[in-house]
Amino acid sequence: MTEVRPPAASSASLWERDEEVAAIKEAVDILCADRSSPGSLLVFRGEAGLGKTALLAEPRRIAEERGCTVWSARGGETLRSVPFNVVRQLLQPALVSMLPEEARVYLGDWYDLAGPALGIANPGDRHADPQGVCEGLVAAVRRLARRDWPLVLLIDDAHWADQETLYWLAAFAERLADLSVLVVVARRPGEISGTGARYLDAVAAAADRAVTTLSALTPDAAAGLTRATLGENADAAFCREVWAVTAGNPYETVELLAKVQDSELEPVEAHAGELRDLNRSARGGGLVARLEQLGIDATRFAWAAAILGDDITVDLVARLATLTPDDADRCAERLRGARILTVPDPAGTGGTGSAGLEFVHPLIATAVYNSIPDALRRAMHGIAARIVTDSGRGAASAARHLLEVHPDDDEELVWQLREAAREHLAVGAPDAARRCLERALEEPPRPEIHAHVLYELGCATFLTAPARTIGHLRTALGMPGLDGDRRVDAVIRLSQALLHNDQMEEAVRTVEAEAARLEPGPARLRLQAVQFMWEGIHTGGTVTPGRSERLARLAATCTGRDNSERALLILRGFDAMMRGENAEEIVEVCDRALVNGRLAPGLGWTDSEWGVELLLMLATSYAYTDRLDRAESLYSEALHAYDTAGWSGGHLALAHAYVGLAHRRRGRLEAAEASLRESLRLAERVGRGLPLYWTATCNLVDTLLARGHVDEAWATAERHGFTPPYPSTVVLPDPRSVRGRLLLAVGRTKDGVNELETAEKAAAARGHHNPVHVFGAGDLARALATEDPARAARLAVDVRRHAERLGTDTAIGEALRVATALETGQRAVRLAAQAVTYLESSPCQYEHAAARVEYGILARSVPDLERGLALARSCGADGLVRRAGAELETGAGLG
């Protein structure tokens, strides 16, 4: 067979990589064609030594020849616990060259969020939202890509990247269609599991072509490489043995041939038997033996370099290995000569010109690290942590070393790990914080602070693992040490975790039991408020007898002088709204919870003491009592607060959902649909089945039905699982009512009636009689008008009674529309006219439009139909537009 040789300038590891290099050239050509070119992603996968790093040098060479900007980064086996390590490597060279104000301009609104993660800005006092930080990093690259187009990003050893970087990379890969950036990723198969593996799978799924798996050299390629290195006189048997000994691994082949040159071994069949011994000296135990032959100082130097992992400078290594500067210089030179350490290629480090050292290959770094005796390795990590701390780089930078130190009842180590956890949380790395606190527990902490460490650990895992949070906080509360406000905080946080873990009844019992332990006062009042809050949003189980009466009595004593009292007033207002009590009284109670018409300090959307649920109750109480101006103001304030804070997870999803609900109530159906689709997009990332996911889906289905897009509403419900069983928390509007309306709309009348009957019974059992958000009874009356007119009439009377008790124009107008549907002749016309009168005064324009069209048809009034048509168009109610338009077009019987 003919041996195919790569160009002379190419790395030896590029033998038989023609297809891969062609794919790289094509991707660079597409990138450079136009600033509007879509981004692309290439993923190369291969076992250790198959030439991934050498292959990654090709896009750099090709891109730089085309005038591209190239940034690169590399994962490290001992650095996986360092959050944002790889993305910092990738972006810092571009950012550190800027003046601080210039960096702030380029990152814009994302500077305060992404800057700390990138290490170019100090973190704030709050815990950063991980998804918000991720979005900020995506935005940072987006802006930098515009400045530095055409931009190529290279990530080597992605299997060793930290989890925070992989989270960003997965999100970034999804957006490449909108970014003119080429990303090339190299990784080993396996090596990673769990969450990180899922992120890498997401990256692979976003690639432009199937992941390329690198193969070993063929015998012909190994022979060609052997002769290119040792000379054409290398005979066939020798070349064949080179391939057999290395299994075609390019790295091992290159290293073996270098050793053949060093030993001046003649490449003939007679010496082929010596190749196996030479190859063993390049890996595993053979490498360790070769290292030991260089002397104890060189061995200590190599060990210290392996401990440091990155930022390997002769000075730092000398301090860690306790070597004099001269001895350290000699060791560094000896290790370079032995091809164990090398000076990084400036091109491969983003051109930063680092004066440091690195291992020739990760395989060597791994072998050296694993060769350090366990006790010594742990001790060296402890010394490294002290060196990092003494250099002023902070506890978070030292944390990866602290994690490896042997537990020894060290009080200072516990403090350092807690401090590192706080720093990690401030930059949006809760998983890194969790590792620090779990390690602190192994030390262990002193008895008086043990519970505090568990509490902090519970807070760190709250967003990512509610079940773990429950265990940590229960243990903490069962130990001495947590007292006063911190204990109350822990109990409330535990109840929140139980809520998120769908253990609502336990959440209620937890705060109830703690409140019973306390004397009357602010702490007890706060716990009682939380208990009422969880009971108020719980739809399952049995309603606590007399709950609403007790809440009303307690709230009646509150003037709103502190946030506990304000919380109780909000809860009372929400309970009264759900029960359909008088709207004016509901609004008066809610207003007392405000300070000069605004949220009180400590009750803001991003404040953690009370949580988002309470404020959503307040805003929704206004929304369903026709005070939509106040509801919209609060919802918009939430959206702005979460956008500004970079909270792009569940909180932002809820904010968009409730902004959509406000648009829907106003009758701005197109705007509602846009907000709800964005909410659902964000909710998908957080997880299906959660209350926020139901909220987004329920409101979107309701809005699509109002628009007359029945088929799309059904498809949305099917796609997003909008079917029983329903969540155990309150969703507004009532999902059973929406589901019943949907079933009627698609012609499944029997199923729709059954669903609406279930909705009516469930609402009655809870005492929920507000006919605006639990509208199933009205739709049920319409559906039964022909089949069971007597029952339909009774239902219509109940709807009217509940509407008049609530007293809003919307509720009464809608009740009159239900009554109209059950009548004929002039009585129907009179009822329809009354409905129009009430709904004309209502802020809900869609309902007004529907009533106007219905009246126009019944009264045969062209002006009313035309006005209804205009209102329907302004609402985006396409179904109403078609209905009114058809009536006007036929003109049959119209006056």
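Predicted model: local features only at pLDDT ≥ 70, side-chain atom pairs only at ≥ 80, totals over all residues.
Ala, Val, Leu, Ile, Met, Phe, Trp, Tyr, Cys and Pro count as nonpolar, Asp, Glu, Lys and Arg as charged, and the others, Gly among them, as polar.

Rolling a probe the size of a water molecule over the atoms shows where empty space is left. In this structure there are three cavities of 30 Å³ or more. The largest cavity contains about 50 Å³ of space. Its lining is made up of S81, V82, P83, A396, A399, R400, L403, H424, A432, R435 and C436. Two helices, α19 (395-402) and α21 (430-442), each give at least two residues to this lining. Sorted by class, the lining of the largest cavity has seven nonpolar residues, two polar ones and two charged ones.

The second largest cavity has about 40 Å³ of volume. Around it stand V43, R45, V185, R187, L200, V203, A204 and V211. Three elements, β1 (40-45), β4 (181-187) and α8 (194-206), each supply at least two residues of the lining of the second largest cavity. Which of the elements gives the largest share of that lining? The largest share comes from α8, with three residues. By class, this lining has six nonpolar and two charged residues, and no polar ones.

The next topic is a stretch named in a database record. An unreviewed UniProt entry annotates residues 16-184 as "domain: Orc1-like AAA ATPase".

Some local features of the backbone can be looked at one by one. W149 and P150 are joined by a cis peptide bond, with omega about -10°. P150 is placed in the loop between α6 (130-147) and β3 (151-156). Another cis peptide bond runs from L732 to P733, and its omega is near -5°. Here the proline, P733, has its place in the loop between α35 and α36 (735-745). E264 is a residue other than glycine with a positive phi, near 55°. Where does E264 lie? The place to look is the loop between α11 (250-262) and α12 (275-280).

The last topic is how helices pack. Two packed helices are described by the angle between their axes and the distance between the axes. Helix α34 (residues 691-707) packs with helix α35 (residues 710-719) at an angle of about 165°, and their axes are 8 Å apart. Angles over 145 degrees count as roughly antiparallel. That is why α34 is described as roughly antiparallel to α35. The crossing in which α34 passes α35 is left-handed.

Farther along the numbering, another pair can be read in this way. For helix α42 (residues 845-859) and helix α43 (residues 862-875), the packing angle is about 155° and the axes are 8 Å apart. How are α42 and α43 directed, roughly parallel or roughly antiparallel? Because the cut-off for roughly antiparallel is an angle over 145 degrees, α42 and α43 are roughly antiparallel to each other. The crossing of α42 past α43 is left-handed.

Notes:
Residues numbered from 1 in each chain as written. Heavy atoms only, no water. UniProt positions renumbered as here; feature names shortened; annotations may be inferred. 1 Å grid on protein atoms, 1.4 Å probe; cavity = no way out; pocket = protein on both sides within 12 Å on 5 of 7 lines; lining within 4 Å. Points joined across faces, edges and corners; volume = space filled by probe spheres on them. Helix = DSSP H or I, 4+ residues; strand = E, 2+ residues; numbered from the N terminus. Axes fitted to C-alpha atoms, helices over the stretch in contact; angles between N-to-C directions. Parallel < 35°, antiparallel > 145°, perpendicular 65-115°, else oblique. Left-handed = near helix turned anticlockwise from the far one by under 90°.
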